[in-house]
Amino acid sequence: MNIENLSLIDLKNAIQERKLTSLEVTKFFVEKCEKSDLNAVLEVFDDALEKAKEMDEKIENGFKGKLAGVPVIIKDNILYKGKKASCGSRFLENYTAQYNSTVVQKMLDEGAVIIARANMDEFAMGSSTENSYFGITKNALDPTRVPGGSSGGSASAVAGSLAPVALGTDTGGSIRQPSSYNGVVGIKPTYGRVSRFGVVAFASSIEQVGPITKNVKDNAYMLEVLAGHSEHDETSLKEEVPSYLSSIKGDITGLRVGVMKEVEEAVKGLEVEKSYKNALEFLKKNGATLVDVSIKDFKLSLPCYYIIAPAEATSNLGRFDGVKYSRRSAEAKDVDEIYVKSRSEGFGKEVKRRIMLGNFVLSSGYFDAYYNKAKKLQQKLIEEAKEAFSKCDIIVMPTTAGEPFKIGEKTGDPVSMYKEDLFTIMANILGVPAISIPFGKGKSGLPLGIQIVADRLNEGVIYNVADFIEKKGEEDARV
Amino acid sequence: MNRTKITIEEVKRLAGLSALEFSEEELENFIPEFENIIALVDEVKNCDVGSQELKYTTHKLSECRPDVAKESLPQEEILLNSPKTKKGAFCVPKMLD
C-alpha cells in the first residue's frame with residue numbers, strides 16, 4: 001500500500017482494519033519529516049513511534065477512534081503537554097507546554113499520534129514564514145518561494161507529504177493563504193467553532209484553529225474532530241457539531257453564489273483574475289445561480305485588521321515579561337530591565353513592529369480615532385455581510401492575488417506584505433468560515449487558490465461546494 | 001489627505017509603553033516604516049461609519065461558567081517555565097531596600 005498517496009480517511013480505515021499498522025504509517029511520515037529540507041518542521045517528537053506502538057496495541061484491543069493511529073503535525077503555537085511550543089520565537093525557545101490544548105486533547109482522545117511541530121511566523125505575525133526565529137520555511141512546490149504564512153510550516157508539511165494533516169491557526173488568512181500557496185486545502189472555521197484553549201493568543205477576538213489537508217473530505221472529517229465547546233474557553237460555541245462529511249452531497253443545483261462587486265473590482269489585472277472568473281463560470285454551468293452582492297467596505301477590512309489585531313497582540317504579548325515564561329535577559333539588573341531587555345532580545349522585528357503599532361492605536365489621544373473607529377467599522381462590515389448573505393449561500397473570491405512570491409521579495413516592505421491578506425482578512429473580521437482550495441494555475445504553473453466564504457456556522461455548505469469543485473472542476477480550472 | 005507624521009519622541013514614547021528598547025539608529029529607521037503603516041490604518045480613521053454606537057463584536061456575549069472548584073495545575077508545574085523560582089514563587093531581583 002502506498003502510504004503517501006492514501007487520504008487521511010483511507011489511512012485511518014487501513015489502520016483500523018489492520019491492513020496497515022500505526023507504527024508503519026508513523027515511521028513513514030517521521031522519516032519523511034527527518035529527511036525533508038523544507039524546514040517545515042521544527043521538531044519531530046521523540047516519542048512518536050512509541051505512541052504509535054501503544055496505539056496499535058489499543059486498536060488490537062478494540063479501540064476505535066476517528067484518528068486511531070493517524071499521524072498529525074501541529075503548529076508551533078498549539079500546546080501539547082510536555083512538548084516545546086515556541087511560537088517561532090526566541091522568547092519561547094525553551095517553553096514547554098504544561099497542559100494540552102483542547103484541540104490536541106480532542107485529537108488524542110480520537111487516537112491521533114502527534115508527530116511533530118511545524119514552523120511559523122513568530123507569534124503568527126506574518127504572511128511568508130520568513131519571520132520565524134528558527135529560519136525560513138520553503139514552499140513545498142518550489143523551494144525558491146515562500147510557503148505563505150503564518151501557518152507556512154503546516155501547509156508546506158502537508159503539501160510535502162510529511163503528514164496527512166496539520167493544524168494551523170488563522171488570524172487574518174494564516175491557514176488559507178499558505179494552503180493556497182502550497183496547493184492544499186485549509187479552512188478557517190466560524191469564530192468560536194473550535195476552542196482556542198491552549199493556543200498561544202495573538203488576536204483573540206478573530207483567530208481560529210483549523211485543519212490543513214490534501215483534499216476536502218479529509219478536511220471536513222478533521223473539523224468534526226476539532227470543533228465543539230470547551231469549558232475552558234467561553235468564546236467556543238455550544239452549538240452541536242454537525243457531520244460535515246454528510247453535508248457533502250455531490251450536487252450544487254440551486255446554490256446561490258454571491259459575486260461581490262468589490263471583489264470583481266479588486267481582481268482586475270491580478271494573476272488570479274482568470275481563474276476566479278472560471279470558478280464562477282464553472283459553478284453557474286453546474287446549476288448554481290450567480291447573484292450580485294456587495295460588502296461596500298470590503299477593502300477597509302484590511303486596515304481595520306491592522307488596528308484590531310495589533311491592539312489585541314499588544315495586550316496578549318504583555319504576559320511575556322521575563323518572569324513567567326522561559327526567557328530572561330542575562331543583562332537585566334533590576335525588574336524594569338527584566339521586562340525591557342528580555343522582550344527586546346526575545347522578540348523579532350515584526351513582533352516589535354506590531355506591539356508598537358498596537359500601543360499607538362490604543363494610546364491616549366488615538367484610541368477613539370483608531371481602535372474605537374475600527375470596532376465600529378467591524379460592526380458596519382458585519383451588517384453589510386448580513387445583507388449580502390441574505391441573498392446568497394456562499395461568496396466566492398480568490399485567496400491570494402497570484403502565485404507565491406519569491407523568498408526575500410517582500411521582507412523590506414511591511415505594507416506590501418500586509419496587503420497579501422486583502423482577500424482573506426474579511427472572514428476574520430466578520431467571524432465567518434472560509435476555505436481555500438486549489439483552482440487553476442499561475443504563470444509558473446504553480447497552483448492558485450479559490451476561497452469559499454459562507455455565513456456563520458455554514459461550514460457544511462462550504463464543504464459541499466469545495467468538494468464539488470475539487471471533483472469536477474479540474475477541466476474548468478485550466479487557465 | 002495629509003500623512004500622519006511621527007516624531008522621534010513619539011516613537012520613544014511608544015517604545016516605553018511597549019517595554020522595548022531600540023538603538024538610536026533603529027528608532028530613526030522606524031519612523032518612515034511606521035509612517036507607511038499609519039498611512040494604511042489612517043484609511044479607517046478617515047472613513048465614514050455613520051453615527052452608530054458600538055454594540056457588539058463578532059460573537060455571542062461571553063457567559064460565565066458555573067463557579068465550581070476544580071483541581072488546577074500543581075504549583076511546581078506552574079513554575080516549570082519560569083527562568084528563576086524560589087520557595088514556590090516567581091523570583092525577581094530585590095525591588096525595595
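A nonpolar core is a set of buried Ala, Val, Leu, Ile, Met, Phe, Trp, Tyr and Cys residues joined through C-beta atoms within 7 Å. A residue is buried if 20 or more other C-beta atoms lie within 10 Å of its own, exposed if 12 or fewer, and partly exposed in between, with C-beta atoms placed from the backbone. This is a predicted model, in which local features need pLDDT of at least 70 and side-chain atom pairs count only at pLDDT 80 or more, while totals for chains, interfaces and linings use all residues. Residues are numbered from 1 along each chain as its sequence is written, and chains are lettered from A and ligands numbered from 1 in the order in which they are written.

The largest nonpolar core has 168 residues, of which A:Val72, A:Ile73, A:Ile115 and A:Ile307 touch the most other members. Among the elements, H10(A) contributes the most to this core, with 9 residues. Helices (H or I, at least four residues) and strands (E, at least two) are DSSP runs, numbered from the N terminus. In soluble globular proteins, nonpolar side chains tend to be buried together.

Leaving aside residues up to four places away in sequence, A:Ile307 touches A:Val361, A:Tyr370, A:Tyr371, A:Ala374, B:Val41 and B:Val44. Contact here means that the C-beta atoms of two residues, placed from the backbone, lie within 7 Å.

Two packed helices are described by the angle between their axes and the distance between the axes. Axes are lines fitted to C-alpha atoms, for helices over the stretch in contact, and angles run from 0 to 180 degrees between N-to-C directions. Helix H10 (residues 301–316) of chain A and helix H13 (residues 368–389) of chain A cross at roughly 125°, and their axes come within 9 Å. H10(A) is therefore oblique to H13(A). By the convention used, angles under 35 degrees count as roughly parallel, over 145 as roughly antiparallel, 65 to 115 as roughly perpendicular and the rest as oblique. The crossing of H10(A) past H13(A) is left-handed; a crossing is left-handed if the near helix is turned anticlockwise from the far one by less than a right angle, and right-handed if clockwise. H10(A) brings A:Ser301, A:Cys304, A:Ile307, A:Ile308 and A:Ala311 to the contact, and H13(A) brings A:Tyr370, A:Tyr371, A:Ala374, A:Leu377, A:Gln378 and A:Leu381. By class, these residues are 9 nonpolar, 2 polar and no charged. Ala, Val, Leu, Ile, Met, Phe, Trp, Tyr, Cys and Pro count as nonpolar, Asp, Glu, Lys and Arg as charged, and the others, Gly among them, as polar.

A second pair lies earlier in the chain. Helix H2 (residues 22–35) of chain A packs against helix H3 (residues 48–60) of chain A at an angle of about 160°, with the axes 8 Å apart. The two helices, H2(A) and H3(A), are therefore roughly antiparallel, and H2(A) passes H3(A) in a right-handed crossing. On one side stand A:Ser22, A:Leu23, A:Thr26, A:Lys27 and A:Val30 of H2(A), which meet A:Ala48, A:Leu49, A:Ala52, A:Lys53, A:Met55 and A:Asp56 of H3(A). This contact of H2(A) with H3(A) has 6 nonpolar, 2 polar and 3 charged residues.

Helix H4 (102–109) of chain A has A:Thr102, A:Val103, A:Val104, A:Lys106 and A:Met107 as its buried residues. Their cover includes S2, strand S3 (113–118), strand S4 (165–170), strand S6 (208–213) and helix H7 (216–226) of chain A. Just after H4(A), A:Gly111 takes a positive phi of about 95°.

Most residues other than glycine have a negative phi, and most peptide bonds are trans. A:Ser326, with a positive phi near 50°, lies in the loop between H10 and helix H11 (335–346) of chain A; A:Ser326 is buried, with 22 other C-beta atoms within 10 Å. A:Leu457 has a positive phi near 65° and counts as partly exposed, with 19 C-beta neighbours inside 10 Å. The peptide bond that joins A:Gly149 and A:Ser150 is cis, with omega about 10°.

The last topic is the contact between the chains. In chain B, 38 residues are in contact with 54 residues of chain A. Helix H1 (8–17) and helix H2 (24–45) of chain B are the elements that give two or more residues to this side of chain B. The largest share, 8 residues, comes from H2(B). By class, the side of chain B that touches chain A has 20 nonpolar, 9 polar and 9 charged residues.
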